[in-house]
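Trainee: I'm new to this one. Can you walk me through it?
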Amino acid sequence: MPGPLQISGSVSVPEAELNWRFSRSSGPGGQGVNTTDSRVELSFDVAATEALGPLFKTRALERLGSRLVNGVITIAASEFRSQLRNREAAEMRLAQILREAIAPPPKKRRPTKPSKGAIQRRITAKKQRSDLKRLRRDDH
């Protein structure tokens, strides 16, 4: 749990760059619900981080633009009754989001066209269907 947050094989975020906030969670929890701070908010300043290289940082800022507030992404986790489990869930979510944000863009699609044989088979099938329907008609 403590230590750097591993994003990918070569990228990890130091613990010092992660900001944690804890608060009381709503929902079930029995007698402890009003006394334990089980809700977790994990914040990470993408704009000011030193953990990401310039290319990764540019990609992350571009792809996470709608989720960032002043360059900071915040993940909230309150689905578990335990603070530890919520911390783990928030870390996993942040790692997944950052992994997707710094991933290289997908390869461009190379446009293709149907082969002559495929075009011919399609037209033949359409003619057969047309003939079948024409034979069903009762033209009086």
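Predicted model: local features only at pLDDT ≥ 70, side-chain atom pairs only at ≥ 80, totals over all residues.

Trainee: What order do the strands of the open sheet have?
Mentor: The order is E3-E4-E5, with antiparallel pairing. Strands are DSSP runs of E, at least two residues, and helices are runs of H or I, at least four, numbered from the N terminus. Two strands pair if DSSP finds at least two bridges between them.

Trainee: Which are the edge strands?
Mentor: E3 (18-23) and E5 (72-77), each pairing on one side only.

Trainee: How many bridges join E4 to E5?
Mentor: 6 bridges, with E4 covering residues 39-45. Glu41 stands opposite Ala76 in E5.

Trainee: New topic. Where does helix H2 lie?
Mentor: H2 (residues 83-102) lies across E3, E4 and E5, at about 140° to E5. Axes are lines fitted to C-alpha atoms, for helices over the stretch in contact (heavy atoms within 4.5 Å). Angles run from 0 to 180 degrees between N-to-C directions.

Trainee: And Thr49, buried or exposed?
Mentor: Buried (under 20% relative accessible area, 1.4 Å probe, protein chains only). Its value is 1%. Thr49 is in the loop between E4 and helix H1 (54-63).

Trainee: What is Thr49 in contact with?
Mentor: Leaving aside neighbours within four places in sequence, Glu17, Phe44 and Lys57.

Terms used
Residues numbered from 1 in each chain as written. Heavy atoms only, no water. Buried < 20%, exposed > 50% of the residue type's maximum accessible area, 1.4 Å probe, protein only.
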